[in-house]
Amino acid sequence: KVVRVNPVESTYKLKRGGAVQIAVAIDVDDGYHINSNRPAEKYLIPTSLKFDRVDGIATTPIIYPKAKLQKFEFSQKPLSVFEGKTILKLTARALQSLSPGAQNLKGKLTVQACNNQQWLRPQTVDVSIALQVE
């Protein structure tokens with residue numbers, strides 16, 4: 001696998017009525033990059049992380065880091081990419097009515113990895129964030 005994705009913490013603790021910031025790490029192999037969440041060209045697949053709805057938990061939109069503008073042989077203009085380790089962030093809020101215990105935020109990360117010669121097929125990776133509600 002060229003791209004791996006994991007939550008930065010194994011479990012995030014969250015109090016009812018409170019919020020926690022969650023970080024998700026995307027690791028891209030050396031020599032490869034993925035398009036940013038706002039690619040330079042319409043035909044490029046953007047990096048996108050979306051979570052399923054969970055009753056009692058609200059999530060903020062994903063915060064993507066600043067992308068790197070990089071020139072490649074195959075492109076007329078610089079492309080907006082992420083390389084190496086990229087951290088995406090979001091905040092999860094637990095409603096007061098949520099029962100204490102373990103919860104899982106499940107989502108999907110869509111990415112397209114490329115190197116200087118080829119584009120790999122877009123892939124969708126399952127993401128699971130363990131929450132412990134207190």
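Buried means under 20% relative accessible area. This cut-off is used in the views below, which show a predicted model.

**View 1. Thr91, a buried residue of strand S9.** Thr91 sits in strand S9. Its relative accessible area is 17%, so Thr91 counts as buried. Beyond residues up to four places away in sequence, Thr91 touches Ala19, Val20 and Gln21, and also Ala58, Thr59 and Thr60.

**View 2. An open sheet of 4 strands.** The strand order is S1-S3-S9-S6. Pairing in this sheet is antiparallel. Strand S1 (3-7) and strand S6 (57-59) are the edge strands, each pairing on one side only. On average, neighbouring strands are turned by 25° against each other, direction ignored.

**View 3. The pairing of S6 with S9.** Strand S9 covers residues 85-94. S6 and S9 pair in the antiparallel sense, over 3 bridges. Ile57 has Ala94 of S9 as its bridge partner. Thr91, the buried residue of View 1, also belongs to strand S9.

**View 4. A nonpolar surface patch.** Which residues make the nonpolar surface patch? Tyr43, Phe74 and Trp119 do, and the patch is about 330 Å². Trp119 lies in a loop. That loop runs between strand S11 (113-114) and strand S12 (123-133).

View 5. Is Trp119 buried, exposed or partly exposed? Partly exposed is the class between buried, under 20%, and exposed, over 50%. Trp119 has a relative accessible area of 41%, so Trp119 is partly exposed.

Terms used
Residues are numbered from 1 along each chain as its sequence is written. This is a predicted model: local features need pLDDT of at least 70, side-chain atom pairs count only at pLDDT 80 or more; totals for chains, interfaces and linings use all residues. Side-chain values use heavy atoms; hydrogens and water are left out. Two strands pair if DSSP finds at least two bridges between them. Helices (H or I, at least four residues) and strands (E, at least two) are DSSP runs, numbered from the N terminus. Axes are lines fitted to C-alpha atoms, for helices over the stretch in contact, and angles run from 0 to 180 degrees between N-to-C directions. Patches are made of residues with over 30% relative accessible area and no salt bridge: like charges are joined within 9 Å, nonpolar side chains (Val, Leu, Ile, Met, Phe, Trp, Tyr) within 5 Å. Accessible areas come from the Shrake-Rupley method with a 1.4 Å probe; for residues, only the protein chains shown count as cover. A salt bridge is a side-chain nitrogen of Lys or Arg within 4 Å of a carboxyl oxygen of Asp or Glu. Buried means under 20% relative accessible area, exposed over 50%, partly exposed in between (1.4 Å probe, protein chains only). Contact means heavy atoms within 4.5 Å.
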